[in-house]
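Today I opened a new model and worked through it piece by piece. Here are my notes, written so that you can follow along.

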Amino acid sequence: MTIAIVGAGAVGCWMAGSLAAAGEDVTLVARGEALTALKERGIRKDGVEIPVATATHASEVDASAIVLAVKATGQSVADMVAGTTAPLVMTQNSVEAPRMISAVVGEERLVPGVVRGYFHHVGPAEVETHGGPGSFTMGPGAPALAAALDATDVTVIVRDDVLVDVWEKAMFVECCGALGLLGGADLGALRTTYRDSFTDFITEVRNVGIGAGVPIPGDAVERTLAFADAMPATSTTSMQRDRLAGISGEFDAQVGAIVREGARAGVPTPLHTLAYALLS
């Protein structure tokens, strides 16, 4: 039961490191500096070096499940997993990603998933964790991955309505990133100084999700705010950190996706349209 993880960024190293440390059969697919680092000393997770098997393409691994721990969608994903047949488990922070990836690899292979936690990619194949749940919620289509993660320090949750969780995560992480960039603010400021605006951003995402046909529960806004209140005050999102470092990263895949999905569903998105225009 081999798990292939494509991408040696923060999420890929976090998940692969947890699997390898628990003695599970995992191969990390990487290239360039990350591959060199992996061959020399393995994954470095919170300062601890963890040996892990490596490959340069997913087709080199006889995998029971393939985790897409990359920010890419569309044709680039198809190239990454060409020649494979295992279930594809996504981790992207984008409400568009399930539709875009399934369009190129087939809906029957895609298993949406949601990572929760604060992970910083601090160097080639190196990750630091900074609190949060440390959980992975996924659809029911990759039982081998769920079984493997169950033996690790990762909290794994399998749910049939996983698209609800994809949107509920967007209500938190996308809104933190968008408003955080506009205000130059960390989570502590968002949930206090900018709380009303933060609530409005979250509500707008929920409205788009409902318009897109996703049955997001009525208490989702309140639960999102409660989750924000429980997280470290100095937290920022990877989208914020990327933009501040001059990297476009997930900005379009998160903020742009809300605007586009709103247009598809006929739901107005004035706050996200403004944020997208000002920050593009």
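**Entry 1**

I began with the outward side of helix 12: the face turned away from its buried side carries the exposed residues Pro-270, Ala-277 and Leu-278. I noted what the words mean: buried is under 20% relative accessible area, exposed is over 50%, and partly exposed lies in between (1.4 Å probe, protein chains only). Helices (H or I, at least four residues) and strands (E, at least two) are DSSP runs, numbered from the N terminus.

Before going further I wrote down the ground rules: this is a predicted model, where local features need pLDDT of at least 70, side-chain atom pairs count only at pLDDT 80 or more, and totals for chains, interfaces and linings use all residues. Residues are numbered from 1 along each chain as its sequence is written, and side-chain values use heavy atoms, with hydrogens and water left out.

Which residues of helix 12 are buried? I found His-272, Ala-275 and Leu-279, within a helix that covers residues 270–279. Seen down the axis, the buried residues of helix 12 fall within an arc of 60 degrees, so they line one face of the helix. The arc is that of the directions from the helix axis to the C-beta atoms.

Next I looked up what the buried residues of helix 12 pack against, and I found helix 6 (162–183), helix 8 (195–211), helix 10 (238–244) and helix 11 (251–265). Contact here means heavy atoms within 4.5 Å.

I listed the buried residues of helix 9 as Ala-220, Val-221, Thr-224, Leu-225 and Ala-228. They cover an arc of only 135 degrees around the axis, which puts them on the same side of helix 9. Their cover includes helix 6, helix 7 (187–190) and helix 8.

How do helix 8 and helix 9 (residues 220–230) cross? Their axes come within 10 Å and cross at roughly 135 degrees. Axes are lines fitted to C-alpha atoms, for helices over the stretch in contact, and angles run from 0 to 180 degrees between N-to-C directions. Helix 8 and helix 9 are therefore oblique to each other. The scale I used: under 35 degrees is roughly parallel, over 145 roughly antiparallel, 65 to 115 roughly perpendicular, and the rest oblique. Among the residues that meet are Phe-198 and Ile-202 in helix 8, and Val-221 and Leu-225 in helix 9.

I then checked helix 6 against helix 9: the axes come within 10 Å and cross at roughly 50 degrees. Glu-168, Met-171 and Phe-172 of helix 6 make the contact, with residues of helix 9 including Arg-223 and Phe-227.

I traced an open sheet of six strands in the order 5-2-1-6-7-8, with parallel pairing. Strand 5 (53–55) and strand 8 (110–111) stand at the edges, each with a single partner strand, so one side of each is left without a neighbour in the sheet. Two strands pair if DSSP finds at least two bridges between them.

I went through the pairs one by one:

- Strand 1 (residues 3–6) and strand 2 run parallel, joined by four bridges, and Ile-5 has Leu-28 as its bridge partner in strand 2.
- Strand 1 and strand 6 pair in the parallel sense over four bridges, and Val-6 stands opposite Leu-68 in strand 6.
- Strand 6 and strand 7 run parallel with three bridges, and the partner of Leu-68 in strand 7 is Met-90.
- Strand 7 (residues 88–90) and strand 8 run parallel with two bridges, and Leu-88 stands opposite Leu-110 in strand 8.

Helix 4 (residues 97–105) packs on the sheet, touching strand 6 (65–68), strand 7 and strand 8, and its direction makes about 160 degrees with that of strand 7.

Is strand 6 covered on one face or both? Both: Ala-65 and Val-67 on one side and Ile-66 and Leu-68 on the other are all buried. I saw both faces of strand 2 (residues 26–29) covered too, with Val-26 and Leu-28 on one side and Thr-27 and Val-29 on the other, all buried.

**Entry 1: two single residues**

I picked Val-89, found in strand 7. Val-89 is buried, with a relative accessible area of 0%. Not counting residues up to four places away in sequence, Val-89 touches Ile-66, Val-67, Leu-68, Val-111, Phe-136, Ala-142 and Leu-145.

Last, I looked at Thr-36 in helix 2 (residues 32–41). Thr-36 is partly exposed, with a relative accessible area of 41%. Thr-36 and Ala-125 are 89 residues apart in sequence and 9.0 Å apart in space, C-alpha to C-alpha.
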